[in-house]
Amino acid sequence: MVRETHLRVDDLIYPMFSAFGENIKKEIPSMPGIYQQSIEHIVAEAKEVYELGIPAVILFGIPEAKDAVGSDAYCASGIIQNTIRAIKEEVPELLVITDVCMCEYTDHGHCGIIKDGDVDNDATLELLAKEALSHAQAGADIVAPSDMMDGRIAALRDILDENGFEHIPVMSYAVKYASAYYGPFRDAAESTPAFGDRRTYQMDPANRLEALREANQDLAEAADFLMVKPALAYLDILRELKDNFDLPLVAYNVSGEYSMVKAAAANDWVDGDRVMMETLLSMKRAGADLIITYHAKEAARLLKG
Ligand code: PBG
Ligand code: ZN
């Protein structure tokens, strides 16, 4: 009766990795229970997700081929575009969110195109805008840019509006730190940078005020959701954003956070279910309205009782 915070199934967003090809279902070694899957398996899992009452998935793509400019990212028949159409055909009521970034599609693994050895912010904006538009054209319900280029929310908003997609919200990875917690994801998405790192465009984990600046900038550019990523080591930042902004706030419970729970539970060092629920609840308590989590299906089953 006096409980202050609740975790609900409809707070959860489930990430999925769609791989080019047929009959692929390959478990990611560092992420037990999470797979690279070809489209027919993605659709089957999307049905399961929907039946569990989880309202949304977020999609990541592993294309047939990568190149310097990430062509598959904005191709009408790219891996994500095909996946969106397949899900929408079979499970139309499931919300489809797409990750908008270049790193899954570039042969160098960076989140933008490269000039003089580093990511070229403004040239990348054009490609991100094309990517988001092609996701919307394929039927995506929400686009979620994770690249951390400056000006991308405005670039996405403009191209969507110009093309009749005024109603498609932009979920901004507004506050995204340069984090070692993304390690397992980069195996899953095959997106480890071939040289250097992402510290020229992702944030310094030491910075709190910069998080407010990033969020303010995205608000000014008309973001519809703000995200903090990673979540667990940044609960203070979630609270800070909740107290300062009135947009829906999303926590990304990232791959490394998932792997740590799974590894400790597999060793019987902790009670995996309890640690999972406590961790997700802590994100809600810190201020998150929604949580992107690889635990979504397990948590949904426990919440159903
Ligand atoms: C792509 C992207 C990343 C994640 C989500 N989108 C990786 C990165 O920035 O290196 C990480 C998610 C996770 O670790 O679960 N930009
Ligand atoms: Zn990226």
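A crossover is right-handed if, with the strands pointing away from the viewer, the path from the first strand over the helix to the second runs clockwise. The model discussed here is predicted.

Q: What makes β4, α2 and β5 a right-handed β-α-β unit?
A: The criterion is a clockwise path from the first strand over the helix to the second, viewed with the strands pointing away. β4, α2 and β5 make a right-handed unit, and therefore their path runs clockwise in that view.

Q: How do you know that β4 and β5 pair?
A: Pairing requires at least two bridges. β4 and β5 are joined by 4 bridges, so they pair, and they run parallel. In one of these strands, β5, I97 is the bridge partner of I58.

Q: Why are β1 and β4 called paired strands?
A: There are 7 bridges between them, in the parallel sense, and at least two are required, so the term applies. F17 stands opposite F60 in β4.

Q: What makes both faces of β4 covered?
A: Buried means under 20% relative accessible area. A56, I58, F60 and I62 on one side are buried, as are V57, L59 and G61 on the other.

Q: Why does the span of helix α2 agree with expectation?
A: At 1.5 Å a residue, the 12 residues of α2 (residues 79–90) should span 16 Å, and the end C-alpha atoms are 17 Å apart, which agrees.

Q: Against which elements do the buried residues of α2 pack?
A: They pack against β1, α1, β4, β5 and α3. Among these buried residues are I80, I84 and I87.

Notes: Residues numbered from 1 in each chain as written. Chains lettered and ligands numbered in written order. Predicted model: local features only at pLDDT ≥ 70, side-chain atom pairs only at ≥ 80, totals over all residues. Heavy atoms only, no water. Expected span 1.5 Å × (residues − 1). Buried < 20%, exposed > 50% of the residue type's maximum accessible area, 1.4 Å probe, protein only. Contact = heavy atoms within 4.5 Å.
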